[in-house]
Amino acid sequence: TAMSAWAFRERPTVHLVVALVVATLGVVLVLGGGTLHLGLGAGEALAAGAALFAAVSAVQIRAMRATDNAATIFFYFCLGGLPIALPFALGAWPTGAVAWGLAVVMALAAFAAQVLMAEAYGALAIPEAAIWLQLTPIAQYALAALLLAEPVSAAGAIGVVVGVAGVAYGTIFGA
């Protein structure tokens, strides 16, 4: 949101700022178990780097939407990510049909999500999209509980409710 304010002069409304703060509080409760860990280990540093790259890519996608369609943008990012992903593809590959079936389903879901996200950036301002992006860690937390039987803490459950409420508020009143 801060980058888009500088790059595109997109100023979030007061409602979007409130929604982003509330949704982020929900994410902190989900991920931090209700506490803010002030240390910076390797995992935290990598997560912060990933968040920075995600923010830069969101601004880049928004800029590209002025001249390019969603499929072209997806192709561009695939080419840009190829040198990073290629070394991981050089190892042993699974041979089972179930593993390949799951890989195909995951690839199709990821493709659809990326193209739809690039399409959405043609209609949404970055501050509006930033609200929706807060759902990613919340959804991952819920899926981990559902699929991996990971425990849900009281702070995490409250965080899910607070985060979703922030997103809903921003969606209704933020435009």
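Biologist: Which residues are buried in α3?

Modeller: Ala58, Val59, Ile61 and Met64 are buried in α3. This is a predicted model.

Biologist: What covers the buried residues of α3?

Modeller: The cover includes α1 (2-8), α4, α5 and α6 (126-133).

Biologist: And what end-to-end span should α3 have, at 1.5 Å a residue?

Modeller: Helix α3 runs over residues 42-64, 23 residues, and should span 33 Å. Its end C-alpha atoms are 32 Å apart, which agrees.

Biologist: Now the aromatics. How many aromatic pairs are there?

Modeller: The structure holds 4 aromatic pairs. One of them is Phe74 with Phe111, which is edge-to-face, 4.9 Å centre to centre with 80 degrees between the planes.

Biologist: Which helices do Phe74 and Phe111 lie in?

Modeller: Phe74 belongs to helix α4 (residues 70-85) and Phe111 to helix α5 (residues 97-120), so the pair ties together parts that are 37 residues apart in sequence.

Biologist: What about Tyr76 and Phe77, how are their planes set?

Modeller: Their planes are at 90 degrees and their ring centres 5.3 Å apart, so the pair is edge-to-face. The cut-off for that label is over 60 degrees. Tyr76 counts as partly exposed at 43% relative accessibility, and Phe77 counts as partly exposed at 31%.

Biologist: Pockets next. What volume does the second largest pocket have?

Modeller: The second largest pocket has a volume of about 370 Å³.

Biologist: Which residues line the second largest pocket?

Modeller: Tyr76 and Phe77, the edge-to-face pair, are in the lining.

Biologist: How many of the lining residues are nonpolar, polar or charged?

Modeller: The lining of the second largest pocket has 8 nonpolar residues, 2 polar and no charged.

Biologist: On to the loops. Where does Gln134 lie?

Modeller: Gln134 is in the loop between α6 and α7 (135-148). Gln134 is buried, with a relative accessible area of 16%.

Biologist: Which residues is Gln134 in contact with, leaving aside neighbours within four places in sequence?

Modeller: Leu20, Ala23, Thr24, Val27 and Val167.

Biologist: What is phi for Ala149?

Modeller: Phi of Ala149 is near 60 degrees, a positive value in a residue other than glycine. Most residues other than glycine have a negative phi.

Biologist: Where is Ala149, and is Ala149 buried or exposed?

Modeller: Ala149 is in the loop between α7 and α8 (154-173). At 65% relative accessibility, Ala149 counts as exposed.

Biologist: One more loop residue. Where does Gly41 lie?

Modeller: Gly41 lies in the loop between α2 (14-32) and α3. Gly41 is partly exposed, with a relative accessible area of 31%.

Biologist: How many residues lie between Gly41 and Tyr141 in sequence, and what is the distance in space?

Modeller: Gly41 and Tyr141 are 100 residues apart in sequence, and C-alpha to C-alpha they are 21 Å apart in space.

Notes
Residues are numbered from 1 along each chain as its sequence is written. This is a predicted model: local features need pLDDT of at least 70, side-chain atom pairs count only at pLDDT 80 or more; totals for chains, interfaces and linings use all residues. Side-chain values use heavy atoms; hydrogens and water are left out. Rings of Phe, Tyr and Trp (its six-membered ring) pair if their centres lie within 6.5 Å; planes under 30 degrees apart count as stacked, over 60 as edge-to-face and the rest as tilted. Helices (H or I, at least four residues) and strands (E, at least two) are DSSP runs, numbered from the N terminus. Buried means under 20% relative accessible area, exposed over 50%, partly exposed in between (1.4 Å probe, protein chains only). The expected span of a helix is 1.5 Å times one less than its number of residues. Contact means heavy atoms within 4.5 Å. On a 1 Å grid over the protein atoms alone, a cavity is a set of points where a 1.4 Å probe fits but cannot get out, and a pocket is an open set with protein on both sides within 12 Å along at least five of seven lines; lining residues have an atom within 4 Å of a point. Grid points are joined across faces, edges and corners, and a volume is the space filled by probe spheres set on the points. Ala, Val, Leu, Ile, Met, Phe, Trp, Tyr, Cys and Pro count as nonpolar, Asp, Glu, Lys and Arg as charged, and the others, Gly among them, as polar.
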